[in-house]
Amino acid sequence: MGAEPTRVSDEFVTVARVADVAPGTAKTVVVGEREVALFNVGGTFYALDNTCPHQGGPLAEGWIEGTRVTCPWHAWTFELTSGAMTLGDFACVDTFAVRVEQGAVRVARRPRGATEP
Ligand code: FES
């Protein structure tokens, strides 16, 4: 009989080590089937869907200023804490809860507000 697979939290997945994402930078990670942009703002981590709702620009490659990121393609800007677009409420991106545990950065498998499948 084979060993049981290690059961980790069903809700969060480890995506990086803290040292992998320096303060003021971001990294693209994969959570399930989604690309997620993981940001480190002064030691606090935020996770947003990496795909800009305008035309799909990679938000992890955007410009970070405070708790905002500006898409590198056409400069739409989003609040990291809420995913809201700063120029109006006609667009937003999904946000994911983040936990730091023993040097590991863990991101929720489902975005905030998502219902069970
Ligand atoms: S793709 Fe992000 S602003 Fe256009």
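Colleague: In which sense do strand 2 and strand 3 pair, and over how many bridges?

Modeller: This is a predicted model. Strands of a sheet pair through backbone hydrogen bonds, either parallel or antiparallel. Strand 3 covers residues 34-41, and Val-31 stands opposite Arg-34 in that strand. The pairing of strand 2 with strand 3 is antiparallel, over seven bridges.

Colleague: What is the order of the strands in the open sheet of four strands?

Modeller: The pairing in this open sheet is antiparallel. Its strand order is 2-3-4-8.

Colleague: Why is one side of strand 2 and of strand 8 left without a neighbour in the sheet?

Modeller: Strand 2 spans residues 25-31 and strand 8 spans 95-96. Both stand at the edges, so one side of each has no neighbour in the sheet. The reason is that each has a single partner strand.

Colleague: How many helices and strands does the chain have?

Modeller: Along the sequence the pattern reads β-β-β-β-β-β-β-β-β-β. The count is zero helices and ten strands.

Colleague: Is Val-69 buried or exposed?

Modeller: Val-69 is found in strand 6, residues 68-70. A residue counts as buried if 20 or more other C-beta atoms lie within 10 Å of its own. Val-69 has 27 within 10 Å, so Val-69 is buried.

Colleague: Which residues does Val-69 contact, leaving aside neighbours within four places in sequence?

Modeller: Leu-59 touches Val-69, and also touches residues including Ala-37, Leu-48 and Phe-78. The contacts of Val-69, with those neighbours left aside, are Phe-39, Leu-59, Gly-62, Trp-63, Ile-64, Thr-77, Phe-78 and Leu-80.

Colleague: What distance separates the C-alpha atoms of Val-69 and Gly-83?

Modeller: Val-69 and Gly-83 are 14 residues apart along the chain. Their C-alpha atoms are separated by 9.6 Å.

Methods. Residues numbered from 1 in each chain as written. Predicted model: local features only at pLDDT ≥ 70, side-chain atom pairs only at ≥ 80, totals over all residues. Pairing = 2+ DSSP bridges. Helix = DSSP H or I, 4+ residues; strand = E, 2+ residues; numbered from the N terminus. Contact = placed C-beta atoms within 7 Å. Buried ≥ 20, exposed ≤ 12 C-beta atoms within 10 Å, placed from the backbone.
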